[in-house]
Amino acid sequence: MSDAGKTPLRPSADQGSKEPKMPINFDTLPEDISMKIRAGGKIRRIVVDREACIGAQSCVVVAPGVFQMDDDNLAYVTDPNGEDEDTVMLGAQSCPVLAVHLYDEEGNQIFPEE
Ligand code: SF4
């Protein structure tokens, strides 16, 4: 159960306020990130931080057209265009550990708000 070598997308709660707000390098995301790009609109990238996911399935219940659970009971993005933007946002907001991150076209984080 070693986390060695993993790069968390989301800083832990005790250090979050001290971390500099660095833009995410989408080319070097760790393997346990699920990310897909929407065709248009304000929300362009949907990311599930699978290290943070606790399998609560809220995102799947709220936005089943976008999120599904895998065999490890971790969420992933199936179809980024599978729901409207309001539903995608509600799905992200429903996550109890804020493991769903939403970005605009420039890579600015829309949710969770920083
Ligand atoms: S709501 Fe969050 S914790 Fe629950 S399955 Fe979705 S991403 Fe994982």
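Modeller: By class, the shell around the ligand holds 11 nonpolar residues, four polar ones and no charged ones. Here Ala, Val, Leu, Ile, Met, Phe, Trp, Tyr, Cys and Pro count as nonpolar, Asp, Glu, Lys and Arg as charged, and the others, Gly among them, as polar. The ligand is surrounded by 15 residues, and the closest are Cys53, Ala56, Cys59, Ala75 and Cys95; a residue belongs here if its C-beta atom, placed from the backbone, lies within 6 Å of the molecule.

Please keep in mind that this is a predicted model: local features need pLDDT of at least 70, side-chain atom pairs count only at pLDDT 80 or more, and totals for chains, interfaces and linings use all residues. Residue numbers start from 1 along each chain as its sequence is written.

Now to the loops. Gln57 lies in the loop between β2 and α1 (helices, H or I with at least four residues, and strands, E with at least two, are DSSP runs numbered from the N terminus). Gln57 has a positive phi near 70 degrees without being a glycine. Because Gln57 has 17 C-beta neighbours inside 10 Å, it counts as partly exposed; buried would take 20 or more other C-beta atoms within 10 Å, exposed 12 or fewer, with C-beta atoms placed from the backbone. Asn73, in the loop between β3 and β4 (75-77), also has a positive phi, about 60 degrees, and is not a glycine. With 11 C-beta neighbours inside 10 Å, Asn73 is therefore exposed. For context, most residues other than glycine have a negative phi, and most peptide bonds are trans.

Next comes helix α2 (residues 85-94), where Val88, Gly91 and Ala92 are buried. They sit on the same side of α2 because they cover an arc of only 95 degrees around the axis, taken from the directions from the axis to the C-beta atoms. Their cover includes β2 (45-49), α1 (58-62), β3 (67-69), β5 (100-103) and β6 (109-111), with contact meaning C-beta atoms, placed from the backbone, within 7 Å.

Of these, β5 is covered on both faces, with Val100 and Leu102 buried on one side and His101 and Tyr103 on the other. β5 pairs with β2 in the antiparallel sense over four bridges and, again antiparallel, with β6 over two; pairing needs at least two DSSP bridges. Tyr103 is the bridge partner of Arg45, and Gln109 is that of Tyr103.

Methods
Two residues are in contact if their C-beta atoms, placed from the backbone, lie within 7 Å.
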